[in-house]
Amino acid sequence: MALCANKNCNSKVPDNGDCMTCQGCGGKLCFENKCGKYTKSSWASISGAKKSKWRCPECKEKNESESNQSKRQEERRSRRSIENKQITNKEVMPEILELKAIITYVTTKQTDLQYSVDMVSDQYDKILEKQKELQDKIQGLEEQVIFLVASK
Ligand SMILES: [Zn+2]
Ligand SMILES: [Zn+2]
């Protein structure tokens with residue numbers, strides 16, 4: 001005969017397996033004081049699968065505090081992943097700066113292009129001026145020719 005795993009219970013559990021066995025600590029709990037919260041008949045009515053996962057109240061409590069701990073770890077992990085995202089932003093920064101440099105380059109090129117368009121249009125104006133000058137000259141020559149012909 002072994003003692004019930006409940007420290008506050010002084011009952012003995014029979015060796016013939018007529019008790020509840022915790023799958024966590026292997027402790028045996030008696031039915032007579034409902035140390036595992038079950039009576040002999042209610043224990044008999046639950047499935048073998050449930051029995052094979054059953055844990056004593058002490059182990060359950062321990063398990064819950066462990067799962068709380070793992071929840072806290074999960075929180076810590078997700079917080080860390082947010083921090084990682086901030087690091088990713090830092091990694092993206094050089095690319096943004098590169099892009100900025102490209103934009104500056106394109107803007108400069110555009111200014112250059114505008115400058116050469118202005119130059120061409122300047123030259124065009126000069127050509128127009130020159131053409132007008134030539135036209136004036138031709139007109140002057142024509143007048144002289146007409147004068148010469150008339151004076152003959
Ligand atoms: Zn246990
Ligand atoms: Zn007991």
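Predicted model: local features only at pLDDT ≥ 70, side-chain atom pairs only at ≥ 80, totals over all residues.

Begin by selecting C4, A5, V13, C19, M20, L29, C30, F31, C35, W54 and C56, the 11 residues that form the largest nonpolar core. In soluble globular proteins, nonpolar side chains tend to be buried together.

Keep C35, one of the members of this core, and ask which residues it touches once those up to four places away in sequence are left out. With that exclusion, the contacts of C35 are C4, N6, C9, L29 and C30.

Next, select K34, which lies in the loop between strand 4 (28–29) and helix 1 (40–45). The phi of K34 is near 50°, a positive value in a residue that is not glycine, and K34 is partly exposed because 16 other C-beta atoms lie within 10 Å, which falls between the limits of 12 or fewer for exposed and 20 or more for buried.

Move on to K37, which is also placed in the loop between strand 4 and helix 1. Here too phi is positive, at about 70°, although K37 is not a glycine; with 13 other C-beta atoms within 10 Å, K37 is partly exposed. Most residues other than glycine have a negative phi.

Finally, select L97, which is in helix 3 (residues 57–150). Is L97 buried or exposed? L97 is exposed, because 10 other C-beta atoms lie within 10 Å. To end, draw a distance between the C-alpha atoms of L97 and S70, which are 27 residues apart along the chain and separated by 41 Å.

How values were computed:
Residues numbered from 1 in each chain as written. Chains lettered and ligands numbered in written order. Helix = DSSP H or I, 4+ residues; strand = E, 2+ residues; numbered from the N terminus. Core = buried A, V, L, I, M, F, W, Y, C linked by C-beta atoms within 7 Å. Contact = placed C-beta atoms within 7 Å.
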